[in-house]
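User: Hello! I am new to this structure and would like to learn how to read it. Could you show me the general idea behind each feature, and then the case here?

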Amino acid sequence: MAEQPKEDPKTDLADPEEEAKGNWTKLVDLPEVPVVTGEEEEDLIFKMKTRMYRFRDGQWKERGVGSLKLLRDKKSRQIRLLMRQDKTLKVIANHYLSDKPYCELLPMAGSDKAVMWIANDYSEEQGTNEKLAVKFTTAE
């Protein structure tokens, strides 16, 4: 059997400090598209990072972590609660603040950083009555 020549590691590896060179050209020219969030006609009056929960099937289930915003409509002066997940920006809460029994903030048992309320939430396609809760980072 013939003996195979030994490989020299110094000559077989590329230099890690060497820059990759190439002739890169644009395949597609993409124009900048304005993003419409639905918040353009509203003033931001409160914003804080929170963790949201929803009461389903007899227990609290985490809905997501993100920025909870209170937005006031410039024309009607109604206040809307809007919360989006941090990374995906998916809407996880979207409802107007209304009179009792809806949107009455109640303290959560066992935590001074959490409050709960009931709202007619439109974060999904249809509006549904939801029992929601948020946990803030501080008790203030």
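Analyst: Let us start with strands and how they pair. Helices (H or I, at least four residues) and strands (E, at least two) are DSSP runs, numbered from the N terminus. Two strands pair if DSSP finds at least two bridges between them. Here, Met48 stands opposite Leu68 in β2. Strands β1 and β2 run antiparallel and are joined by 14 bridges.

User: What should I know about the model itself before going on?

Analyst: This is a predicted model, in which local features need pLDDT of at least 70 and side-chain atom pairs count only at pLDDT 80 or more, while totals for chains, interfaces and linings use all residues. Residues are numbered from 1 along each chain as its sequence is written, and side-chain values use heavy atoms, with hydrogens and water left out.

User: In what order do the strands of the open sheet lie?

Analyst: The order is β4-β3-β2-β1-β7-β6-β5, an open sheet of seven strands with antiparallel pairing. At its edges are β4 and β5 (106-107), each of which pairs on one side only.

User: How many bridges join β6 to β7?

Analyst: Eight bridges join these antiparallel strands, β6 being residues 114-121. The two form a hairpin with six residues between them. One of the facing pairs is Ala119 with its bridge partner Glu130 in β7. Met52 has Val134 in β7 as its bridge partner.

User: Which strand is joined to β3 by five bridges?

Analyst: That is β4 (residues 91-96), which runs antiparallel to β3 (residues 79-85). Met83 stands opposite Ala93 in β4. The β3 and β4 hairpin has five residues between the strands, and there Leu89 takes a positive phi near 60°. Met83 also lets you compare sequence with space: Val65 and Met83 are 18 residues apart in sequence, and 8.8 Å apart from C-alpha to C-alpha. Val65 itself is found in β2 (residues 59-73).

User: How many salt bridges does the structure hold?

Analyst: There are twelve. A salt bridge is a side-chain nitrogen of Lys or Arg within 4 Å of a carboxyl oxygen of Asp or Glu. In one of them, Glu42 meets Arg80 at 2.6 Å, N to O. Glu42 lies in β1 and Arg80 in β3, so the pair ties together parts that are 38 residues apart in sequence.

Lys49 forms another with Asp86, the closest N and O atoms being 3.0 Å apart. Lys49 is in β1 and Asp86 in the loop between β3 and β4, 37 residues apart. Lys49 is partly exposed at 47%, and Asp86 is partly exposed at 35%.

User: Which residues share partners with Arg54 in one network?

Analyst: Begin with the salt bridge between Glu130 and Arg54, whose closest N and O atoms are 3.8 Å apart. This pair links β7 with β1 across 76 residues, and both residues are buried. Salt bridges that share partners join Arg54, Arg56, Arg63, Glu124 and Glu130 into one network.

User: What makes a surface patch, and which residues form the nonpolar one of about 400 Å²?

Analyst: Patches are made of residues with over 30% relative accessible area and no salt bridge; like charges are joined within 9 Å, and nonpolar side chains (Val, Leu, Ile, Met, Phe, Trp, Tyr) within 5 Å. Accessible areas come from the Shrake-Rupley method with a 1.4 Å probe, and for residues only the protein chains shown count as cover. Leu27, Val28 and Leu30 make that nonpolar patch. Leu30 lies in the loop between α1 and β1, and counts as exposed because its relative accessibility is 69%.

Terms used. Buried means under 20% relative accessible area, exposed over 50%, partly exposed in between (1.4 Å probe, protein chains only).
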